[in-house]
Amino acid sequence: MIQLSGVTKHYGDHKAVDALSVLIRESETFVLLGTSGCGKTTTLRMINRLITADEGSIEINGAPIDSTPPEQLRRTIGYVMQQNGLFPHYTVVENIAVVPTLLGWPKDQIRKRALSLMEQLHLPANSFAHRYPHQLSGGQQQRVGVARALAGNAPILLMDEPFGALDPVTRSLIRKEFMELEEISKKTIVLVTHDIPEAFEMADRICLMNKGRAEQTGTPSELLFSPASAFVRSFFDADRELLELNIVTMRDLWPHLGEPVSSSDLPDSIRQFPAATSCWQILNWLTGEQAAASVSYQHDIKMVSRANLLQALGDYKTSQYG
Ligand SMILES: Nc1ncnc2c1ncn2[C@@H]1O[C@H](COP(=O)(O)OP(=O)(O)OP(=O)(O)O)[C@@H](O)[C@H]1O
């Protein structure tokens, strides 16, 4: 758990972060979202003491961060930088090994950990282990950056626009691979991004920042459907339809769909989706030859066509936005 209370940072007369209070829960992915210059990176870097707050306090599991020397604190907090921040004269393995080495792990344990991370991050050791950062593509460098941040098994991971420098295809691929890593699910992750779809895809909760302040903190669904201010509402306007399709699941639409059917009435060929499936995924399936899909929830099954899905989505949105 990370608690920021009334945290403020000035640069000269400019308040980069202004009395920010947020509680980041254990094992959640918490996204700091906002336009350029709103104070996201400054906030992130205050958590691992790369920047010192002028006012307010930051606690990790109830202990003020300034009660631990910065170097020691940073060994318990992984950090992925925007431009990977790899050491240019270290090989891939040496870069990944930095924190475990500082932690005094035995050599073979370090090597084993580095090789296992390389495998998980799709960097085969036989071709990548001894390369230097300049011999890697941007996507590969970013994978090494992630591996390095994970290597020491830190319970907290800070990520500053980790996929920001990549092209959209690589970006979405690496993001997906990252989210599938098993060890990620147990970590408390604080991620900085200005990319709204990325925030929605990754976040358990989002803090939308504006001029150093938190405009609203909540789940993606809360921010989208129950904006706390005109700023929050307009921030999502350009992406609203796509976000809605991605965020609303068949479970949400369940009361707005037709009556359940008996499984014996279903054609053999019909594809069945779980209720956690998003509207976007079902609509993509229904764009082909498919006229209908079925959705299961608890012990019931319902049929959906494109038309009744869109109708149910319209009803759901009316009930949410009012
Ligand atoms: N070292 C510094 N000296 C002076 N001003 C700074 C410094 N670092 C950041 N700032 C200013 O503080 C504000 C917040 O910067 P910060 O990097 O936290 O924003 P951000 O939301 O992360 O932006 P971006 O998405 O562009 O990285 C900006 O106005 C920036 O110009």
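Author: An angle between two helix axes, taken between their N-to-C directions, counts as roughly antiparallel if it is over 145 degrees, and as roughly parallel if it is under 35 degrees. The structure discussed here is a predicted model.

Reader: Why are helix 14 and helix 15 called roughly antiparallel to each other?

Author: Helix 14, residues 279–286, packs with helix 15, residues 306–321, at an angle of about 160°. The limit is 145 degrees, and the angle must be over it; helix 14 and helix 15 are therefore roughly antiparallel. Their axes lie 10 Å apart, and the crossing is left-handed.

Reader: Which residues make the contact of helix 14 and helix 15?

Author: Helix 14 contributes Cys279, Ile282, Leu283 and Leu286, while helix 15 contributes Arg306, Leu309 and Leu313.

Reader: What makes residues of this contact nonpolar or charged?

Author: Cys, Ile and Leu count as nonpolar and Arg as charged, so the contact of helix 14 with helix 15 divides into 6 nonpolar, no polar and 1 charged.

Reader: How do you know the orientation of helix 7 relative to helix 8?

Author: The axes of helix 7 (residues 138–150) and helix 8 (residues 168–180) cross at roughly 25° and come within 11 Å. Since angles under 35 degrees count as roughly parallel, helix 7 is roughly parallel to helix 8. This crossing is right-handed.

Reader: What surrounds the ligand?

Author: The shell comprises Tyr11, His14, Ala16, Gly34, Ser36, Gly37, Cys38, Gly39, Lys40, Thr41, Thr42 and His194. Strand 2 (14–24) and helix 1 (40–47) each supply at least two of its residues, and the largest share, 3 residues, comes from helix 1.

Reader: How many residues of the shell around the ligand are nonpolar, polar and charged?

Author: The shell has 3 nonpolar, 8 polar and 1 charged residues. Lys counts as charged, and Lys40 is one of the residues surrounding the ligand.

Reader: Where do the domains of the chain lie?

Author: The domain assignment gives domain 1 (2–239) and domain 2 (248–321), and their C-alpha centres lie 36 Å apart.

Definitions and conventions: Residues numbered from 1 in each chain as written. Predicted model: local features only at pLDDT ≥ 70, side-chain atom pairs only at ≥ 80, totals over all residues. Near = placed C-beta within 6 Å. Helix = DSSP H or I, 4+ residues; strand = E, 2+ residues; numbered from the N terminus. Domains from an automatic or database assignment. Axes fitted to C-alpha atoms, helices over the stretch in contact; angles between N-to-C directions. Parallel < 35°, antiparallel > 145°, perpendicular 65-115°, else oblique. Left-handed = near helix turned anticlockwise from the far one by under 90°. Contact = placed C-beta atoms within 7 Å.
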